[in-house]
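Subject: Structure for your review

Dear colleague,

Please find below the structure that I would like to hand over to you. My notes on what was found in it follow directly after.

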Amino acid sequence: MDENVTLSFEVFWEWLITHPNCILRAGTPEAAIFDDDDLHWHFATAAEDGTPVVQVLRGKRLMGELLLVPDQVSYVQGSAVEEEGEFLFELISETEAERFPAYFFVLAHGYEGEGSFTPSRVH
């Protein structure tokens, strides 16, 4: 596992959707969604325009939702944070004038690389 990694949005998204039980929190600079024992993370794609969607559900009730705009993400920067067992993935939006994290995901582990997921694996 690499503690500091830079990924494309597409690679990160494909990896993230195989790790829903590893997400501790996610959000934007303005708001965050926190994980809890009775919540689960769900990934979808909006039918109208293909927008990636991250939802947090309690049973069948929607508790929070994050709509991602991949065209605004230049790359994903992953790194270990001060809290042991937490790894931050910032989805960076970059223009000529500024660079800022448009979205973030904190997971219980870092990026494990391609081919690290097996369907029988439990996180």
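Please keep in mind that this is a predicted model.

**Salt bridges**

A search of the whole structure finds two salt bridges. In one of them E86 is paired with R25, and their closest N and O atoms are 2.9 Å apart. This pair links distant parts of the chain, since E86 belongs to the loop between β7 (75–80) and β8 while R25 belongs to strand β2, 61 residues apart. Are the two partners buried or exposed, or something in between? E86 has a relative accessibility of 15%, so E86 counts as buried. R25, with a relative accessible area of 22%, is partly exposed.

The other salt bridge joins D38 to R58, with 2.8 Å between the closest N and O atoms. D38 lies in the loop between β3 and β4 and R58 lies in strand β5, so this pair ties together parts that are 20 residues apart in sequence. D38 is partly exposed, with a relative accessible area of 39%. R58 is partly exposed as well, at 36%.

**The sheet**

Six strands form an open sheet, and their order is β1-β7-β8-β9-β2-β3 with antiparallel pairing. Which strands stand at the edges? They are β1 and β3; each has a single partner strand, so one side of each is left without a neighbour in the sheet. On average, neighbouring strands of this sheet are turned by 25° against each other, direction ignored.

Within the sheet, β2 and β9 run antiparallel and are joined by four bridges. As one point of reference, I23 stands opposite L107 in β9.

Strand β8 contains E90. E90 and V106 are 16 residues apart along the chain, and their C-alpha atoms are separated by 8.6 Å. Leaving aside residues up to four places away in sequence, E90 touches Y75, V76, Q77, P101, Y103 and F104.

In soluble globular proteins, nonpolar side chains tend to be buried together. In this model the largest nonpolar core has 28 residues, and F12, F89 and F105 touch the most other members. Several elements supply at least two residues of this core each: β1 (5–7), α1 (9–16), β2 (23–27), β4 (40–45), β5 (52–58), β8 (87–94) and β9 (99–107). Of these, α1 gives the most, with five residues.

What does F105 touch, if residues up to four places away in sequence are not counted? Its contacts are F12, L16, I23, R25, A26, V54, L66, L68, F87, L88, F89 and L91. R25, named here among the contacts of F105, is also the salt-bridge partner of E86.

**Aromatic pairs**

The count comes to seven aromatic pairs. One of them is formed by F12 and F89; the pair is tilted, at 5.3 Å centre to centre and with 35° between the planes.

W15 is buried, with a relative accessible area of 6%. Y111 counts as buried too, at 10% relative accessibility. Together, F12, W15, F89, F105 and Y111 form one aromatic cluster.

**A buried loop residue**

Finally, I would draw your attention to T28, which lies in the loop between β2 and β3 (32–34). Is T28 buried or exposed? Its relative accessibility is 18%, so T28 counts as buried. Not counting residues up to four places away in sequence, T28 touches L66, A102, Y103 and F104. Y103 and F104 were also listed above among the contacts of E90.

With kind regards

Technical notes
Residues are numbered from 1 along each chain as its sequence is written. This is a predicted model: local features need pLDDT of at least 70, side-chain atom pairs count only at pLDDT 80 or more; totals for chains, interfaces and linings use all residues. Side-chain values use heavy atoms; hydrogens and water are left out. A nonpolar core is a set of buried Ala, Val, Leu, Ile, Met, Phe, Trp, Tyr and Cys residues joined through side-chain atoms within 4.5 Å. Buried means under 20% relative accessible area, exposed over 50%, partly exposed in between (1.4 Å probe, protein chains only). Contact means heavy atoms within 4.5 Å. A salt bridge is a side-chain nitrogen of Lys or Arg within 4 Å of a carboxyl oxygen of Asp or Glu. Rings of Phe, Tyr and Trp (its six-membered ring) pair if their centres lie within 6.5 Å; planes under 30 degrees apart count as stacked, over 60 as edge-to-face and the rest as tilted. Two strands pair if DSSP finds at least two bridges between them. Axes are lines fitted to C-alpha atoms, for helices over the stretch in contact, and angles run from 0 to 180 degrees between N-to-C directions.
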